[in-house]
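Here's a walk through one protein model, written for someone who likes cut-offs spelled out. Have the viewer open and follow along.

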Amino acid sequence: MSHKTFRGGVHPDGHKDLSKDCPIEEFLPKGELVFPVNQHIGKPAKPVVKKGDPVLAGQLIAEADGFVSANIISSCSGKVKAIEERHTVNGGRATCIVIENDGLFTLAPGVGTEHDDTSMSGPQILDAIKAAGIVGLGGAGFPTHVKLAPRNPEQIDYVIANGSECEPYITCDDQLMRTRSDGIVEGMRLVLRLFPNAKGVIAIEDNKPEAIAAMTKACASDSNISVLEVKAKYPEGGERNLIGVVTGRQLRFGQLPADLGCVVCNVSSLNAIYRAVCKSEPLMTRLFTVSGDAVVKPHTMEVRIGTSCRELLEAAGGIKPECTAKKILCGGPMMGIAMSTLDVPIAKNNNALTVLAEDEVELAENQMTACLRCGRCGHVCPIGLVPQMMAEAAERKDYERYEKKLYGLDCIACGSCTYICPAKRPLMQLFKQTKASIMAAKRK
Ligand code: SF4
Ligand code: SF4
């Protein structure tokens with residue numbers, strides 16, 4: 001049976017077998033934990049602790065500052081060592097709260113207490129989500145309590161759980177769906193209580209049969225929640241693609257999902273909502289995959305937010321002695337961020353570390369030729385852009401044409417065009433730089 005899908009896209013090797021069947025291990029860090037105050041979209045959070053303060057796991061250490069912002073919660077117990085600028089995973093620097101970890105992970109009072117949510121109102125559910133510091137855990141990092149409070153909640157008719165996980169190497173969502181399906185469905189039920197006219201659809205790629213079976217079983221008793229198998233294709237999990245596949249509605253440039261009656265949440269975010277509302281557990285941990293052909297023991301761990309990437313790679317056995325790590329990415333090979341140091345903490349929205357023995361971009365740059373005008377990049381672009389023309393405009397620095405005529409700012413940096421280009425042109429990298437230049441000029 002052929003499952004629903006979107007226009008365009010590519011089929012990179014998944015490499016999921018490296019980690020998908022390894023048991024999930026809990027990893028408790030030994031070193032300090034570091035919490036950037038800007039680990040979400042929106043205004044940075046405001047620290048509410050100072051150097052020398054004792055802290056407990058589950059304690060608020062920085063509070064949301066403004067409407068689009070998110071609380072930050074300590075994931076360990078110990079003492080505030082510093083509040084200072086540090087490097088972050090995306091290559092920038094940010095104010096960070098550094099906690100000297102006492103290794104005990106003592107919980108703050110009330111954390112982990114079971115809670116009967118049946119009498120909770122919609123605003124109380126949203127308050128609990130906000131207090132827990134939940135943001136989009138699939139990568140977006142948008143504060144969840146804001147996403148779940150659109151202007152007209154009665155006009156939302158679809159809540160879509162994103163269980164696609166189309167990025168190669170990463171298996172944490174697949175493993176979450178296979179092992180914690182009940183938590184995801186409970187999270188979906190809580191979200192549906194905010195939208196009286198909505199049904200829940202859990203969209204999962206058809207290359208994850210065990211996750212499909214587990215999720216189908218978990219929601220079997222609820223006629224308002226169903227599982228939809230979608231074709232395994234990259235980038236199936238892009239919000240715009242998923243909405244089109246599930247509802248047949250096409251998000252136009254500049255529109256938000258809520259404009260089309262949709263709310264999209266990653267399955268990890270739904271599980272975090274369940275834990276926050278029903279178990280009084282703020283966002284302290286997440287599932288995280290360390291994988292790649294250069295890693296000794298690729299697997300998924302439940303990790304503490306704020307743990308250093310170096311500790312996480314060591315927990316996966318480090319790099320194989322016979323390999324040289326040519327590229328280390330936070331995320332997967334299609335959309336991940338190339339890292340220049342492992343001494344940075346993972347943030348709430350980071351789901352993987354991928355270590356590759358070959359740097360395909362470097363290899364490709366060595367083989368790059370002039371554009372062959374084959375048009376393949378346009379065929380695979382899931383947004384319907386024309387990457388070939390965007391590249392010409394970007395190289396000429398014709399930003400007016402890039403933005404206004406070619407809609408280049410709508411590029412979601414999925415990398416499908418780079419992947420398919422026979423001339424090995426680093427298109428996505430060029431588009432990211434161009435977007436950054438245009439946005440910088442606008443800010444000025
Ligand atoms: S990187 Fe941008 S231009 Fe290239 S395929 Fe993806 S969305 Fe289209
Ligand atoms: S895929 Fe590459 S070679 Fe073909 S048109 Fe696009 S940029 Fe040119």
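By class, the shell around ligand 2 has eight nonpolar, two polar and two charged residues. The classes work like this: Ala, Val, Leu, Ile, Met, Phe, Trp, Tyr, Cys and Pro are nonpolar, Asp, Glu, Lys and Arg are charged, and the others, Gly among them, are polar. The residues in question are C371, L372, R373, C374, G375, C377, Q388, C421, P422, A423, R425 and L427, where being near the ligand takes a heavy atom within 4 Å of it.

A word on ground rules: this is a predicted model, with local features needing pLDDT of at least 70 and side-chain atom pairs counting only at pLDDT 80 or more, while totals for chains, interfaces and linings use all residues. Residues are numbered from 1 along each chain as its sequence is written, chains are lettered from A and ligands numbered from 1 in the order in which they are written, and side-chain values use heavy atoms, leaving out hydrogens and water.

Next, M389, which sits in helix α11 (residues 387-395). Helices here are DSSP runs of H or I with at least four residues, strands are E runs of at least two, and both are numbered from the N terminus. With a relative accessibility of 35%, M389 is classed as partly exposed; buried means under 20% relative accessible area, exposed over 50%, and partly exposed in between, using a 1.4 Å probe and protein chains only. Setting aside residues up to four places away in sequence, M389 touches R401 and L406, a contact being heavy atoms within 4.5 Å. R401 is twelve residues from M389 along the chain, and their C-alpha atoms are separated by 9.6 Å.

Helix α3 (residues 172-179) is largely enclosed by the rest of the structure, because six of its eight residues are buried. Those are C172, D173, D174, Q175, L176 and M177. What does the side chain of T300 make a polar contact with? Its partner is the side chain of Q175, at 2.6 Å. Such a contact is a pair of N or O atoms within 3.5 Å; within protein, one must be able to donate a hydrogen and the other to accept it, and residues adjacent in sequence count only if both atoms are side-chain atoms. T300 belongs to strand β14 (residues 299-304) and is buried at 0% relative accessibility. Beyond four places in sequence, the contacts of T300 include P23, I24, C172, Q175 and F288.

K208 also reaches this helix. It lies in the loop between β10 (199-205) and α5 (209-218), and is buried, with a relative accessible area of 4%. Outside its four-place sequence neighbourhood, K208 contacts G163, S164, E165, D174 and M177.

**Salt bridges**

Side chains of opposite charge can pair when their charged atoms come close. The rule used is a side-chain nitrogen of Lys or Arg within 4 Å of a carboxyl oxygen of Asp or Glu, and the count comes to 28 salt bridges. Here are three of them:

| D53 | K50 | 3.2 Å |

D53 is buried at 18% relative accessibility, whereas K50 is exposed at 54%. D174 and R178 are both in helix α3, four residues apart, about one turn of the helix; D174 is buried at 6% and R178 partly exposed at 23%. As for the last pair, D398 is partly exposed at 25% and R396 exposed at 52%. Through shared partners, salt bridges join K20, D21, D174, R178 and E210 into one network.

**Strands**

An open sheet of four strands runs in the order β2-β8-β7-β4, with antiparallel pairing. The edges are β2 (33-36) and β4 (54-55), each with a single partner strand, so one side of each has no neighbour in the sheet. Two strands pair if DSSP finds at least two bridges between them. Nine bridges link β7 (residues 78-87) and β8 (residues 93-101), with G78 partnered by N101 in β8.

Strand β15 (residues 327-330) points K327 and L329 one way and I328 and C330 the other, and all are buried. Four bridges tie β15 to the antiparallel strand β17 (residues 352-356), where K327 stands opposite L356.
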